[in-house]
Amino acid sequence: MKSYEVNFDGLVGPTHNYGGLSYGNVASQSNSQQSSNPKEAALQGLAKMKALMDMGFQQGVLAPQERPDVAALRRLGFSGTDAQLIERAAKEAMPLLVASCSASSMWVANAATVSPSADTADGRVHFTAANLNCKYHRSIEHPTTSRVLGAMFANQQHFAHHAALPAVAQFGDEGAANHTRFCREYGEAGVEFFVFGRSAFDNRFPAPQKYPARQTLEASQAVARLHGLRDQGVVYAQQNPNVIDQGVFHNDVIAVGNGEVLLYHEDAFLETDKMLAELQGKLAKVGGNFQSVCVPRSAVTVDDAVRSYLFNSQLLSRADGSMLLIVPQECQANERVWAYLQSLTSSGGLIREVKVFDLKQSMQNGGGPACLRLRVALNETELAAVNPGVIMTAPLYGSLTAWVEKHYRDRLSETDLADPQLLLECRTALDELTQILKLGAVYPFQIN
Ligand code: SUG
């Protein structure tokens with residue numbers, strides 16, 4: 001049976017703004033308070049989805065969330081009508097209003113961890129929504145994420161959904177941003193690679209000194225258990241705490257993998273050789289030939305990687321077996337990174353082509369091409385069981401573009417977040433979106 005990697009991209013929500021909310025994420029910190037352009041952000045994301053679809057890849061779309069999250073503000077003690085509550089939060093606790101307005105759900109690599117059916121004990125595709133416990137503005141995403149994923153992958157014969165892990169730092173889970181799967185064919189058993197930043201219970205693992213390590217070993221182990229993965233099908237590795245302290249807040253900022261290939265920076269991991277040997281050995285047991293490509297620090301520094309997002313690229317398999325890298329245009333702007341990419345594609349290896357995309361609106365908050373997509377490997381039967389409303393087609397691209405043009409503002413600054421009209425605009429837009437994507441009622445304002 002045929003199988004595919006389907007990329008579900010997060011649609012940028014109408015409140016996309018630069019809140020400076022993510023300590024440890026250099027771009028989010030340095031672009032704080034700049035005014036944003038939500039319309040441009042959403043159109044840039046849609047253009048990437050359309051381009052991948054046009055190249056023959058399976059592409060889907062994941063809906064944004066209701067923002068400002070007035071229910072979250074109510075839980076923090078604000079009361080009155082929605083308009084009164086927004087006004088009061090703006091006056092008394094602007095940082096909380098900003099957090100409740102974040103469109104951060106667009107970075108759907110953090111929405112969940114997904115294990116394909118060929119890896120799991122019960123032969124279903126498993127999803128665990130990420131608790132995103134490290135940042136308040138992201139910790140409020142998972143209830144809606146779970147409802148949206150449930151509406152997209154509703155068929156219980158093929159899809160199993162797990163609630164987010166307990167919402168404490170010890171189980172900090174950032175979803176697929178620290179999870180990569182290696183396999184020969186998407187429909188065959190593979191090796192799931194979990195990268196963690198620290199251990200919550202075992203102090204033999206070193207932790208970063210400056211910035212937070214968002215993913216714990218214990219969270220990754222819990223997800224592997226929930227999904228029913230075999231020990232032989234799992235490899236854990238620790239991210240180098242020094243690179244976390246240089247702004248590598250997820251593994252997908254320093255490594256990317258697909259199929260049998262891992263492209264990684266020399267400084268990405270601790271105990272790299274042991275980890276590579278384990279990946280090679282376990283992939284060989286399921287018939288795969290693991291290949292790793294190390295990017296030396298002499299060619300690309302960690303700082304280059306953080307600024308250009310070279311590793312936050314999408315590594316895609318083409319029909320002829322070769323691979324294509326989707327990179328943000330910041331890679332072209334960095335001389336060393338661009339020179340490395342030229343040498344990589346002309347070296348006779350599997351990665352043969354690089355395609356550049358303008359994702360500046362998302363990049364300025366630390367979100368590159370790979371952050372914007374959740375990968376779901378599906379066989380033909382499973383793909384047919386996905387809600388067809390969320391699979392990208394030329395007509396859907398047309399409808400979503402028109403929807404963005406109609407509902408989105410082209411400029412948003414912090415003061416605009418205090419405008420109660422923004423909430424109404426957002427709800428009107430999302431209500432229409434659930435009809436376009438055939439999701440049913442998934443948002444708090446539609447349910448309560
Ligand atoms: O969680 N930025 C996101 C970026 C997520 C990138 N995802 C992956 N690498 N997979 C984050 O730090 C910034 C929001 C703000 O500052 O307005 C933010 O949430």
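Guide: Two strands count as paired if DSSP finds at least two bridges between them. Keep in mind that this is a predicted model. The sheet to look at is open and has three strands, in the order β2-β1-β15. Its pairing is mixed. β2 (59-62) and β15 stand at the edges. Each has a single partner strand, so one side of each lacks a neighbour in the sheet. From one strand to the next, the twist averages 30°.

Now the pairing of β1 with β15. β1 covers residues 3-10 and runs antiparallel to β15, with seven bridges between them. Ser3 stands opposite Asn379 in β15. Glu5 faces Ala377 in that strand.

α2 packs on this sheet and touches β1, β2 and β15. Its direction makes about 160° with that of β2.

Stay with β15, residues 373-379. Arg373, Arg375, Ala377 and Asn379 point one way. Leu374, Val376 and Leu378 point the other way. The buried cut-off is under 20% relative accessible area.

Next, α2 itself. This helix spans residues 38-54, and its axis comes within 10 Å of that of α16, residues 394-407. The two axes cross at roughly 175°. α2 and α16 are therefore roughly antiparallel. On the α2 side, the contact is made by Lys39, Ala42, Leu43, Leu46, Ala47, Lys50 and Met53. They meet Ala394, Tyr397, Leu400, Thr401, Val404 and Glu405 of α16. By class, that contact holds nine nonpolar residues, one polar and three charged.

Follow the chain out of α16. Arg409 sits in the loop between α16 and α17 (420-436). With 18% relative accessibility, Arg409 counts as buried. Its side chain makes a polar contact of 3.1 Å with that of Asp419. Beyond its neighbours within four places in sequence, Arg409 is in contact with Asn37, Pro38 and Lys39, among others. Further contacts of Arg409 include Asp416, Gln421, Leu422 and Glu425. Lys39 also belongs to the α2 side of the helix contact.

For comparison, turn to another sheet. Three strands form it, in the order β6-β7-β8, again open and with mixed pairing. Neighbouring strands here are turned by 20° against each other on average, direction ignored. β6 pairs with β7 (residues 191-196) in the antiparallel sense over four bridges. Arg181 has Glu192 in β7 as its bridge partner.

Two helices pack on this sheet. α8, residues 217-226, touches β7 and β8, and its direction makes about 155° with that of β7. α10, residues 272-285, touches β6, β7 and β8. The direction of α10 makes about 170° with that of β8.

One last stop is Leu226. The side chain of His162 reaches the backbone oxygen of Leu226 at 3.4 Å. His162 lies in strand β5, residues 159-162. At 19% relative accessibility, His162 counts as buried. Its other contacts, leaving out residues up to four places away, include His126, Phe127 and His227.

Key:
Residues numbered from 1 in each chain as written. Predicted model: local features only at pLDDT ≥ 70, side-chain atom pairs only at ≥ 80, totals over all residues. Heavy atoms only, no water. Axes fitted to C-alpha atoms, helices over the stretch in contact; angles between N-to-C directions. Contact = heavy atoms within 4.5 Å. Parallel < 35°, antiparallel > 145°, perpendicular 65-115°, else oblique. Nonpolar A, V, L, I, M, F, W, Y, C, P; charged D, E, K, R; others polar. Buried < 20%, exposed > 50% of the residue type's maximum accessible area, 1.4 Å probe, protein only. Polar contact = N/O pair within 3.5 Å; in protein donor to acceptor, adjacent residues only side chain to side chain.
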